[in-house]
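Let's walk through this fold together, one piece at a time. Keep the viewer open and turn the model as you read.

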Amino acid sequence: MTRTVIDTMTAAAGMAVPDEACGLLLGQGAHIDAFRPTANVATDRARHFEIDPAALIAAHKVERDGGKRLIGFFHSHPTGLPEPSATDRAQAARDGRVWAIATPDGAIGWFVSDVAGFMPLVPQILP
């Protein structure tokens, strides 16, 4: 992944405070090369996130048409840690996608959600 993707996610987390930010991680293969912020349509945006379904459907359509692959999801914890919350653990699809969880101070936790739960990842950051 690139430094630009990380900087864009960190900025989105900071701008959304006191609410949670959210978005899509896109790329090819295992390489995340784009972050697309999306609207958080959750009822209580300060404590939960829900990616705008229209943005998610559009990303799946682009992937089916040969465009960037939906590699994973991003959201922020404005007052929590950069790790999966109890709500995240309960609602995750366990589909092998990457989850990036950021705090407003710039910390980002990286995980993959699979049948065993959330497994930590260590991303390689490219210039």
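Beyond its neighbours within four places in sequence, N40 is in contact with E20, C22, R45, H48, F49 and E50, where contact means heavy atoms within 4.5 Å. You will find N40 in the loop between β2 and α2 (53–64); helices (H or I, at least four residues) and strands (E, at least two) are DSSP runs, numbered from the N terminus. N40 counts as buried at 12% relative accessibility. Buried here means under 20% relative accessible area, exposed means over 50%, and partly exposed lies in between, using a 1.4 Å probe and protein chains only. The C-alpha atoms of N40 and L56 are separated by 12 Å, with the two residues 16 apart along the chain.

A word on the model before going further. It is predicted, so to speak of a local feature a pLDDT of at least 70 is needed, side-chain atom pairs count only at pLDDT 80 or more, and totals for chains, interfaces and linings use all residues. Residues are numbered from 1 along each chain as its sequence is written, and side-chain values use heavy atoms, with hydrogens and water left out.

Now turn to helix α1 (residues 3–16). Which residues of α1 are buried? They are V5, I6, M9, A12, A13 and A16. These residues cover an arc of only 125 degrees around the axis, which puts them on the same side of α1; the arc is that of the directions from the helix axis to the C-beta atoms. An α-helix has 3.6 residues a turn, so residues three or four places apart point the same way. On the face turned away from the buried side of α1 sit the exposed residues T4 and M15. The buried residues of α1 pack against β1 (22–28), β2 (31–38), β3, β4 and β5.

Of its 6 residues, 6 are buried, so β4 is largely enclosed by the rest of the structure. Both faces are covered: R97, W99 and I101 are buried on one side, and V98, A100 and A102 are buried on the other.

What does β4 pair with? Strand β3 (residues 69–76) runs parallel to β4, and the two pair over 5 bridges; two strands pair if DSSP finds at least two bridges between them. In this pairing, H75 stands opposite I101 of β4. Together, β3, helix α3 (residues 86–91) and β4 make a right-handed β-α-β unit. Right-handed means that, with the strands pointing away from the viewer, the path from the first strand over the helix to the second runs clockwise. Strand β5 (residues 108–114) pairs with β4 in the antiparallel sense over 6 bridges, and V98 stands opposite V112 in β5.

Look next at F73 in strand β3. F73 is buried, with a relative accessible area of 13%. Not counting residues up to four places away in sequence, F73 touches residues including L24, L56, D95, V98 and W99.

The aromatic rings come next. Rings of Phe, Tyr and Trp (its six-membered ring) pair if their centres lie within 6.5 Å; planes under 30 degrees apart count as stacked, over 60 as edge-to-face and the rest as tilted. By this rule there are 5 aromatic pairs. W99 and F118 form an edge-to-face pair, 4.9 Å centre to centre with 80 degrees between the planes. This pair links distant parts of the chain, as W99 in β4 and F118 in strand β6 (residues 117–120) are 19 residues apart. Both W99 and F118 are buried. F111 and F118 are also edge-to-face, at 6.3 Å centre to centre and 85 degrees between the planes. Ring pairs link F49, F73, W99, F111 and F118 into a cluster.

Finally, A92 lies in the loop between α3 and β4. With a relative accessible area of 11%, A92 is buried. Leaving aside neighbours within four places in sequence, A92 is in contact with W99, S113 and F118.
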